[in-house]
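Let's take a walk through a protein together. Have a look at the sequence and the model first, then read on.

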Amino acid sequence: MSILLVLGSLLIVIFLLNKQAFIQMPSTNTLLVQKLSNARWFKNEWLSGIFLFFINALLFSVAVSLFFLLGVLNIPFLHLVIMLLATFVSIYLWIAIHNAGNKGKRERLIMSTIGSSFYLFLLLTFIYMIANLGPGTPENDTFMAFIGLLFALYVSFVALVTCFCITGLTKKQYRI
C-alpha cells in the first residue's frame, strides 16, 4: 500500500509541475464548462467556492460509499480502480471548474480556499481521530487503525494541495 501512495504522490507531483499543459485538457466547449461559465452565480467567487466545496464533498462521499460497497463484495483489487477513478474524476472536475471561471487572481484564491477547505476539515478530523485512538484490545487493533488514519491523513493532504493548486494557483490562459 505504501508503494501505491508513493507512486501516486510522484504522479501528482509530476502533474502539478506540468499542470499548465493539463489545464488545456477539458476544452471550453464541453457542456460542464459552458454551463458553469454562463451561470451568474458562478461568477461570484464565494458561491463558486461553496460549489467547489460541495463537489469535493460529493466526490468524497461517493468514493467512500463505493469502498463500503466493495467491503461487502469480495472482488480483489477493485478498490484500487475506484481510487484511481476518483482521483481522475476529481482532477478533471477541478480543471473544468478552473477553465469555467473568468476570475482574477484574488477571486481564484478565494474560491480555491473555500472549495479545498473540505479536505482541510478532513485532515483536521483525521488528526483528531489519531490523537484520540483508544487503547488496543484483542478485538480492536489500534496499530492498524493508526496506519489507516495515517493513510487517510496523507490522502486528504494531497487532495487539499492538488485542489488548491489547480483551482487557485494556475494562471488562466485564454484560447484564441
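Before we start, one term: a pocket here is an open set of grid points with protein on both sides within 12 Å along at least five of seven lines, and its lining residues have an atom within 4 Å of a point. Keep in mind, too, that this is a predicted model.

So where does the empty space go? Rolling a probe the size of a water molecule over the atoms shows where empty space is left. In this model, the largest pocket holds about 1,600 Å³ of space. Its lining is made up of 48 residues, and M83, L84, A86, T87 and V155 lie nearest the centre.

Which helices supply at least two residues each to that lining? They are α1 (2-17), α4 (45-72), α5 (78-100), α6 (105-131) and α7 (142-168). The largest share comes from α5, with 14 residues.

Now let's zoom in on I12, which sits in helix α1. Is I12 buried or exposed? I12 counts as buried because its relative accessible area is 14%, and the cut-off for buried is under 20%. Find T87 again, one of the residues nearest the pocket centre. I12 and T87 are 75 residues apart in sequence, yet from C-alpha to C-alpha they are 9.8 Å apart in space. The two are in contact, and I12 also contacts I91, V158 and T162, leaving aside neighbours within four places in sequence.

Setting aside residues up to four places away in sequence, I91 touches I12, F15, T162 and I166. I91 also turns up in the largest nonpolar core, a group of 29 residues, where F42, I91, W94, Y119 and I166 have the most contacts inside it. Two or more residues of this core come from each of α1, α3 (31-38), α4, α5, α6 and α7. The largest share of the core, 7 residues, belongs to α7.

One last stop: the cysteines. How many disulfides does the model have? The count is 0. Take C163 and C165: the sulfur of C163 has its closest cysteine sulfur in C165, but the gap is 9.4 Å, so it is too far for a bond. A disulfide would need the two sulfurs within 2.5 Å. Both residues count as buried, C163 because its relative accessibility is 0% and C165 because its value is 15%.

How values were computed. Residues numbered from 1 in each chain as written. Predicted model: local features only at pLDDT ≥ 70, side-chain atom pairs only at ≥ 80, totals over all residues. Heavy atoms only, no water. 1 Å grid on protein atoms, 1.4 Å probe; cavity = no way out; pocket = protein on both sides within 12 Å on 5 of 7 lines; lining within 4 Å. Points joined across faces, edges and corners; volume = space filled by probe spheres on them. Helix = DSSP H or I, 4+ residues; strand = E, 2+ residues; numbered from the N terminus. Buried < 20%, exposed > 50% of the residue type's maximum accessible area, 1.4 Å probe, protein only. Contact = heavy atoms within 4.5 Å. Core = buried A, V, L, I, M, F, W, Y, C linked by side-chain atoms within 4.5 Å.
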